[in-house]
Amino acid sequence: MLNKKTIEDIDVSGKKVIVRVDFNVPLDENGNITDDKRIVGALPTIKYLIAHKAKTILVSHLGRPKNGPEEKFSMKPTAKRLSELIGQEVIMASDVIGEDAKTKAAALKEGQVLMLENVRFHKEETSKDPEVARAFAKELASMAEIYVNDAFGTAHRAHASTAVIAEFLPAVCGYLIKKEIEFMGGALSNPERPFVAILGGSKVSDKIKVIDNLIDKVDTLIIGGGMAYTFFKAKGYNIGTSIVEEDRVELAKELMAKADAKGVKLLLPVDNMVAKEFKNDSERKVVASNAIEDGWMGLDIGTETIRIFSDTIKNAKTVIWNGPMGVFEMPNFAVGTKEVAKALAESGALTIVGGGDSAAAVEQMGYAEKISHVSTGGGASLEFLEGKTLPGIDALMDK
């Protein structure tokens, strides 16, 4: 477990506290927020700071602005939504480290909240030049006395506002990062067993390091989604026109051999829903994994596989899931992903869903409430599962 200080380990009363949040929310063409989950996720930390009379300064990015300030990437809609959620005005700065931000930060009263403009309006935020990033981070830090990182979604980035700023201020984590460390860190370092990991998605290459790291930790590793076909190819099966990474077939063999040597059960689909074309209404049928004919492509796991995977989840004590079981954007090939989500929701295990598509799937199906922890960071949770050190967490003070 990572032993990092949290906001509860530092006196914030009357202090100016700069908080890195992840308010990178989806907006429609009229600039309205279509999903405020990330803002809601930061509420425990923000409310704690307000209740403890801190002067809170929020900093976040939104989208990928290329050339300085662009109105469509402004933080204004997030400040407005946050005001509604906390029942008090969130003061909006028109810049990040300019005169308006500094004046408003200096004038903050206890319990007030200030939102800075999009930190990525400054290319220094993501600069690879350490001196450039440091100068920008120092400028940001000059507005506050304490730094809190509560943006797990960007904790794998060594950016000025996510990691470098910790060089200049006492740095602790907020409740969101604390929760991620407790759930994901706890599952990886000291899981209740049987410990099952389910990995899906289309590419083995995206998950190699995760598979490799998890083989050392889990009792059972379930592999579904498009990447299963690279493993089928490694077993010598015919895979028709299914997606495959030819350059990863040898690696798939090595990973299966490693699991075998470690006594880890590696479960692959035993049957698949195959289709003639990559279309929702294509002709389709369920066939055994070693019986996919030429001209057919696997787009989801089959009925028998769903039963086996669900039973394995039912008997587990800890389950981590990352990546869909099929092309879940198409309703006809979303069944496997839905059934795995349902099995997780009904299981008595500690269940963790690692960001990205799997998080979207459990949200969509209304199962999010029944999962112990849905991670807020796709890329960050993957790197965490790989056993990597995340710069945004590493930079915080140890207990």
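Reader: What classes of residue make up the lining of the largest pocket?
Author: By class, that lining has nine nonpolar, ten polar and six charged residues, where Ala, Val, Leu, Ile, Met, Phe, Trp, Tyr, Cys and Pro count as nonpolar, Asp, Glu, Lys and Arg as charged, and the others, Gly among them, as polar. Please keep in mind that this is a predicted model, in which local features need pLDDT of at least 70 and side-chain atom pairs count only at pLDDT 80 or more, while totals for chains, interfaces and linings use all residues. Residues are numbered from 1 along each chain as its sequence is written, and side-chain values use heavy atoms, leaving out hydrogens and water.

Reader: And which residues lie nearest the centre of that pocket?
Author: Of the 25 lining residues, Lys37, Glu363, Val374, Ser375 and Thr376 lie nearest the centre. A pocket here is an open set of points on a 1 Å grid over the protein atoms alone, where a 1.4 Å probe fits, with protein on both sides within 12 Å along at least five of seven lines, and lining residues have an atom within 4 Å of a point.

Reader: Switching to the sheet, what is the order of its strands?
Author: The order is β11-β10-β12, in an open sheet with antiparallel pairing; strands are DSSP runs of E, at least two residues long, and two of them pair if DSSP finds at least two bridges between them.

Reader: Why is one side of β11 and of β12 left without a neighbour?
Author: Both stand at the edges, each with a single partner strand, so one side of each has no neighbour in the sheet.

Methods:
Helix = DSSP H or I, 4+ residues; strand = E, 2+ residues; numbered from the N terminus.
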